[in-house]
Amino acid sequence: MIRAAAGSLLSGRRWTSLRLRLLLVFALVALTAAVSASGIAYWLNREAVLTRTQDAALGDFRQEMQNRAAALPADPSQEELQRTAELMAGSSPGYSVLLVRDGKDGRRIFGAAGPDSFGLDDVPKSLQQAVNDRQKTTSANSAEFHMYWQRTKPGGNPYLVGGTRIVGGGPTGYMYKSLAQERDDLNALAWSLCIATGLALLGSALLAQAAARTVLKPVQRLGDAARKLGEGHLDTRLDVSGTDELADLSHTFNMTAEALEKKVADMSAREESSRRFVADMSHELRTPLTALTAVAEVLEEEADTFDPMIAPAVGLVVSETRRLNELVENLMEVTRFDAGTARLVLDDVDVADQVTACIDARAWLDAVELEAERGIVVRLDPRRLDVILANLIGNALKHGGSPVRVSVRVSDPAEDPDRGHSWLVIEVKDNGPGIPEEVLPHVFDRFYKASASRPRSDGSGLGLSIAVENAHIQGGDITAANGGGGGAVFTLRLPVDLEEVLAGEADA
């Protein structure tokens, strides 16, 4: 269940990371390209349509002004202006015409015709000023008056307004053309370009999906294979097809996996051979050690009868035989842990009685102070708890000095909210100088010696390592630190109900 959930989570992460980024990149590139192309196309078409329309209207209006308005008498009547405006508007339908003339009596007369109601108020003031502005004639400018035009939007409707004046005191003419048709055509073009942009965006999404499927599928297979390799399936290989970079990557992965499998197999074989050698050696040593131990005990009993020159040698033989016997036993225990053959024998144990029995069996009562409440019953392996306590207390007495304080308590489940279990906590504190900071990370290493100048020790160098292994097999741990007031503190934490913890881990 957990593995399936993890796979789903990883799949979700893939979707929200590389695949989504690829889709977004394709979409942004397509959107940018489509919007740019559409914008440029719209702008070019808009300028072309408007320029063509206004050039045709203004050119026709200029021609009509030259042909008809210029032919009016010097002081035309209102009827003549009106008839001329109607002729100009009728000759080229599509725009309105307004002719303006100042009469001799100071009154302004108008002539207007065309499809739109058009008056002088509809002409922007700036355009009127530009049209009536007399220019100086030069070699580069032969006309006193020029034609000007402007786009306006009265009432929200687009119009083209143009105007010019006849040289020599003739009338001023204005044209007024609606650009509604051009606006509708450009709006239709804009909608078409928007639809084309949407289709391009959709096409880019489909293309990105196809590209993501093509590119990410091998990456996903590579990720799955790497995950299996990390889980210990060293025979995992990828099918290599093609000659691209992904194929080279798959080939490299297969070569790496093959080399790793071979290296792990060689290391496992050497480790198994070493473990078997240690186990066989320890087993073979037990028989002669049994005989040596028996002889050493006899020699120890008869030590008083030996010559004073021989007695120290006999004592050395006895102590070294016991040390060698302890080393062999510890090696066999370590071999069982490494081989995974160590087994638990659980029982309900009164912790205070167990600690007292451990101290009493080794004659440490005078050197150990015990702080433990009666009635703390924990389900664990009593033999392994005894091994842990013997190693921790013995190490404290040997390297730290007495008195050694041993305290026992049961922690509140709130102290461990992640797991929600109660823990048996046993602290062993000595009265020595403490552990050097550089030694702390290595106190549980096998055969570790804090000082190279003291290669020989009374112990086997495996006691703390065996203690922590016995804690691990019971679901607990041991930590080492220095106390605030001096001395080293070793803290053992074991679950109060080991069977419940093991059942929970099995369910997980």
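Helices (H or I, at least four residues) and strands (E, at least two) are DSSP runs, numbered from the N terminus. On this basis, the secondary structure of the chain comes to 10 helices and 12 strands. The model is predicted, and local features need pLDDT of at least 70, side-chain atom pairs count only at pLDDT 80 or more, and totals for chains, interfaces and linings use all residues. Residues are numbered from 1 along each chain as its sequence is written, and side-chain values use heavy atoms, with hydrogens and water left out.

Burial was assigned from relative accessible area, with buried meaning under 20%, exposed over 50% and partly exposed in between (1.4 Å probe, protein chains only). Of the 508 residues of the chain, 33% count as buried. A contact is defined by heavy atoms within 4.5 Å. Among contacts between residues at least 6 apart in sequence, 63% join residues at least 24 apart.

Ser-96 is placed in strand 1 (residues 95–102). Its relative accessibility is 0%, so Ser-96 counts as buried. Not counting residues up to four places away in sequence, Ser-96 touches Ala-113, Gly-114, Pro-115, Asp-116, Phe-118, Tyr-174, Met-175 and Tyr-176. The side chain of Ser-96 also reaches the backbone nitrogen of Asp-116 at 3.0 Å.

Two packed helices are described by the angle between their axes and the distance between the axes. Axes are lines fitted to C-alpha atoms, for helices over the stretch in contact, and angles run from 0 to 180 degrees between N-to-C directions. The axes of helix 7 (residues 351–361) and helix 8 (residues 382–399) come within 10 Å and cross at roughly 55 degrees. Helix 7 is therefore oblique to helix 8, where angles under 35 degrees count as roughly parallel, over 145 as roughly antiparallel, 65 to 115 as roughly perpendicular and the rest as oblique. In helix 7, Gln-354, Val-355, Cys-358 and Ile-359 meet Pro-382, Leu-385, Asp-386, Leu-389, Ala-390 and Ile-393 of helix 8. By class, the contact of helix 7 with helix 8 has 8 nonpolar, 1 polar and 1 charged residues; Ala, Val, Leu, Ile, Met, Phe, Trp, Tyr, Cys and Pro count as nonpolar, Asp, Glu, Lys and Arg as charged, and the others, Gly among them, as polar.

Ala-363 lies in the loop between helix 7 and strand 7 (368–371). Most residues other than glycine have a negative phi. Ala-363, although not a glycine, has a positive phi of about 60 degrees. With 68% relative accessibility, Ala-363 counts as exposed.

Helix 9 (residues 463–473) has 8 buried residues out of 11, and is therefore largely enclosed by the rest of the structure. The buried residues are Gly-463, Leu-464, Ser-465, Ile-466, Ala-467, Val-468, Asn-470 and Ala-471. Just after helix 9, Gly-475 takes a positive phi of about 80 degrees.

Asn-482 is in strand 11 (residues 477–482) and is partly exposed, with a relative accessible area of 30%. Leaving aside neighbours within four places in sequence, Asn-482 is in contact with Gly-434, Ile-435, Glu-437, Leu-440, Gly-487 and Ala-488. A polar atom of the Asn-482 side chain lies 2.7 Å from the backbone nitrogen of Ile-435. The side chains of Asn-482 and Glu-437 are joined by a polar contact of 3.5 Å (a pair of N or O atoms within 3.5 Å; within protein, one must be able to donate a hydrogen and the other to accept it, and residues adjacent in sequence count only if both atoms are side-chain atoms). Asn-482 and Glu-437 are 45 residues apart along the chain, and their C-alpha atoms are separated by 8.8 Å.
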